[in-house]
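Student: I'd like to go through this model with you. Can we start with the charged pairs and then move on?

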Amino acid sequence: MAYAQQPTAHPGMTVGGNRNAKNLPVGPDGREWSNGLFGCFGDCGTCLVACCCPCITYGKVKHRYEHLNSKGYPDPEHGGGCCNSDCMMHALLTFCGFGWILQMGTRSTIRGRYNIKGGAAGDCCAAFCCTPCELTQEAQELELEEKSFGKSG
C-alpha cells in the first residue's frame with residue numbers, strides 16, 4: 001500500500017507568557033532590561049530584602065527562573081520559602097566574599113532567556129558592585145513574564 005502524500009507538519013506548541021512584556025524594541029544584539037539597574041526602587045520590598053539578606057532574594061530568583069525554564073509556567077509558590085539550597089550556597093559564598101559569582105551566572109542565564117543585551121563583564125560589574133539592585137532587576141524581569149500568564153499560570 002503506497003501513500004501519495006506525506007503528513008504535514010503541525011504548528012509548534014506555544015507555551016508561556018510574554019518574555020518581552022513591555023514590548024521593548026529588539027535589535028540584532030537583543031533588547032534592554034525591562035527595568036533599569038536603579039529601577040530597584042520600583043520594588044522596594046524586594047530591594048530591602050536584597051539589601052539585608054541577598055541570599056534570600058538570590059534563592060527565590062533562581063528558583064523562579066528554574067521553574068519557568070523547566071515547567072513553562074510561573075512557580076505557584078513564587079520562589080518558595082525563605083531558605084533553599086541556592087540561598088544557603090549564596091550565604092556561604094557571601095560570607096567568604098564571593099556570593100556575587102553565583103549572581104553573575106544567574107544574570108547571564110536570565111539575559112539569555114529574555115534576549116537582553118550585555119555580556120560577562122557587565123554581569124560581573126552589576127553583581128559585584130550593586131548586588132541589591134542587580135537582584136531586584138532580575139526579580140522584576142521574571143515578574144513581568146509571570147504576570148503575562150494571567151491567572152491561568
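Tutor: Glu141 and Arg31 form a salt bridge, with their closest N and O atoms 2.7 Å apart. A salt bridge here is a side-chain nitrogen of Lys or Arg within 4 Å of a carboxyl oxygen of Asp or Glu. One caution: this is a predicted model, where local features need pLDDT of at least 70 and side-chain atom pairs count only at pLDDT 80 or more, while totals for chains, interfaces and linings use all residues. Residues are numbered from 1 along each chain as its sequence is written, and side-chain values use heavy atoms, with hydrogens and water left out.

Student: Where do Glu141 and Arg31 sit in the chain?

Tutor: Glu141 is in helix 6, and Arg31 is in the segment before helix 1. They are 110 residues apart, so the pair links distant parts of the chain. Helices are DSSP runs (H or I, at least four residues), strands likewise (E, at least two), numbered from the N terminus.

Student: Are Glu141 and Arg31 buried or exposed?

Tutor: Both Glu141 and Arg31 are buried. Buried means under 20% relative accessible area, exposed means over 50%, and partly exposed is in between (1.4 Å probe, protein chains only).

Student: How many salt bridges are there by this rule?

Tutor: The count comes to 11. Among them is Asp86 with Lys62, whose closest N and O atoms are 3.6 Å apart. That pair also links distant parts of the chain: Asp86 is in helix 3 (residues 85–95), Lys62 is in helix 2, and 24 residues separate them. Asp86 counts as buried, at 18% relative accessibility.

Student: What about Asp123 and Arg111?

Tutor: Their side chains meet in a salt bridge, 2.9 Å from N to O. Asp123 lies in helix 5 and Arg111 in helix 4, so the pair ties together parts 12 residues apart in sequence. Asp123 counts as buried at 2% relative accessibility. Arg111 counts as buried too, at 11%.

Student: Which residues are linked with them in a network?

Tutor: Arg107, Arg111, Asp123 and Glu138 are linked in a network of salt bridges.

Student: New topic. How much space lies in the largest pocket?

Tutor: About 200 Å³. A pocket is an open set of points on a 1 Å grid over the protein atoms alone, where a 1.4 Å probe fits, with protein on both sides within 12 Å along at least five of seven lines. The volume is the space filled by probe spheres set on the points.

Student: Which residues are closest to its centre?

Tutor: Asp43, Thr46, Arg64, His78 and Ala139, out of 13 lining residues. A lining residue has an atom within 4 Å of a point.

Student: Which helix gives the largest share of the lining?

Tutor: Helix 2, with five residues. Helix 1, helix 2 and helix 6 (131–148) each supply at least two.

Student: And the lining by class?

Tutor: Four nonpolar, five polar and four charged residues. Ala, Val, Leu, Ile, Met, Phe, Trp, Tyr, Cys and Pro count as nonpolar, Asp, Glu, Lys and Arg as charged, and the others, Gly among them, as polar.
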